[in-house]
Amino acid sequence: MARVLVVDDDHTVREVVVSYLRAGGHEVAETADGESALREMRDRPADLVVLDLMLPGIDGLEVCRRLRDRSDVPVIMLTALGAEADRVVGLERGADDYVTKPFSPRELALRVDSVLRRAGERALPVGDPVADGDLVVDGARRIATLAGREVALTVREFDLLAFLVARPGVVHTRDDLLTQVWGWSFGDRSTVTVHVRRLREKVERDPARPDRLVTVWGVGYRWVPREDGRGDDG
């Protein structure tokens with residue numbers, strides 16, 4: 001059982017989401033605005049936050065940013081904005097997933113369970129650390145270091161990095177990554193695209209010309225080990 005915080009100013013939405021999550025065995029708290037959400041997370045931290053984008057006062061994007069400044073708590077963003085650019089902004093602020101309104105409460109509950117399962121794996125040992133040049137990925141401690149310094153990664157970013165580094169040279173489609181890393185049998189591929197971009201910003205010397213996490217045009221992505229030379233993509 002996990003503790004989930006639901007943040008939405010629409011009482012009906014909160015009521016439905018809370019009901020489904022409690023039926024799934026979770027302890028659920030709820031708030032209607034960003035200030036209350038931040039206060040709740042300070043006083044009684046949740047294991048996951050379901051966060052509406054459009055909130056009175058402090059909006060969901062700012063709440064997500066502030067949470068990311070002090071925590072790697074998984075965040076699933078609810079948004080009535082369907083444009084890809086709007087969804088991408090949420091992911092870039094640190095959200096682990098998003099669900100577009102109107103949504104299926106059952107789908108949201110499945111997404112919550114999927115994200116929690118991935119977050120829970122942080123405590124499980126996963127073999128020996130993997131070194132790739134100046135990058136070291138320690139699955140047991142859920143830590144990645146670059147040139148001796150720890151890299152600040154969200155749960156999803158670490159999962160993606162660990163998955164790719166453990167499979168050097170293998171080409172993965174975005175559908176493959178959604179299944180293997182996110183644990184989804186459905187979902188928007190732009191989620192993968194955004195996380196790849198964010199990961200490049202943290203592990204590449206030049207994110208605009210990546211030589212580690214490279215694009216295989218028309219197919220997907222592959223990890224090029226540092227020892228194997230300098231890949232390049234545009």
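Reply: The following account begins with the chain as a whole, turns to one strand and its partners, and then visits other places in the chain.

This is a predicted model, in which local features need pLDDT of at least 70 and side-chain atom pairs count only at pLDDT 80 or more, while totals for chains, interfaces and linings use all residues. Residues are numbered from 1 along each chain as its sequence is written, and side-chain values use heavy atoms, with hydrogens and water left out.

The chain contains eight helices and 11 strands; helices (H or I, at least four residues) and strands (E, at least two) are DSSP runs, numbered from the N terminus. Of its 234 residues, 49% count as buried, where buried means under 20% relative accessible area, exposed over 50%, and partly exposed in between (1.4 Å probe, protein chains only). The chain exposes about 11,000 Å², of which carbon and sulfur atoms supply 50%; accessible areas come from the Shrake-Rupley method with a 1.4 Å probe, and for residues only the protein chains shown count as cover.

Two strands count as paired if DSSP finds at least two bridges between them. Val75 in β4 is the bridge partner of Val49. The path from β3 to β4 runs through helix α3 (residues 60-70), and this β-α-β crossover is right-handed; that term applies if, with the strands pointing away from the viewer, the path from the first strand over the helix to the second runs clockwise. Towards β5, Leu78 stands opposite Val99.

Elsewhere, an open sheet of four strands has the order β6-β7-β8-β9, with antiparallel pairing. Its edges are β6 (130-132) and β9 (149-150); each has a single partner strand, so one side of each is left without a neighbour in the sheet. Strand β8 (residues 143-146) is joined to β9 by two bridges, and Thr145 stands opposite Glu150 in β9. Helix α6 (residues 155-165) packs on this sheet, touching β6, β7 (135-138) and β8, and its direction makes about 110° with that of β7. Axes are lines fitted to C-alpha atoms, for helices over the stretch in contact, and angles run from 0 to 180 degrees between N-to-C directions.

Helix α6 includes Glu157, which is buried with a relative accessible area of 0%. The side chains of Glu157 and Arg198 are joined by a polar contact of 2.6 Å, that is, a pair of N or O atoms within 3.5 Å; within protein, one must be able to donate a hydrogen and the other to accept it, and residues adjacent in sequence count only if both atoms are side-chain atoms. Beyond four places in sequence, the contacts of Glu157 (heavy atoms within 4.5 Å) include Ala152, His195 and Leu199.

Finally, Arg174 is placed in helix α7 (residues 174-182) and is partly exposed, with a relative accessible area of 31%. Its side chain makes a polar contact of 2.7 Å with the side chain of Thr193.
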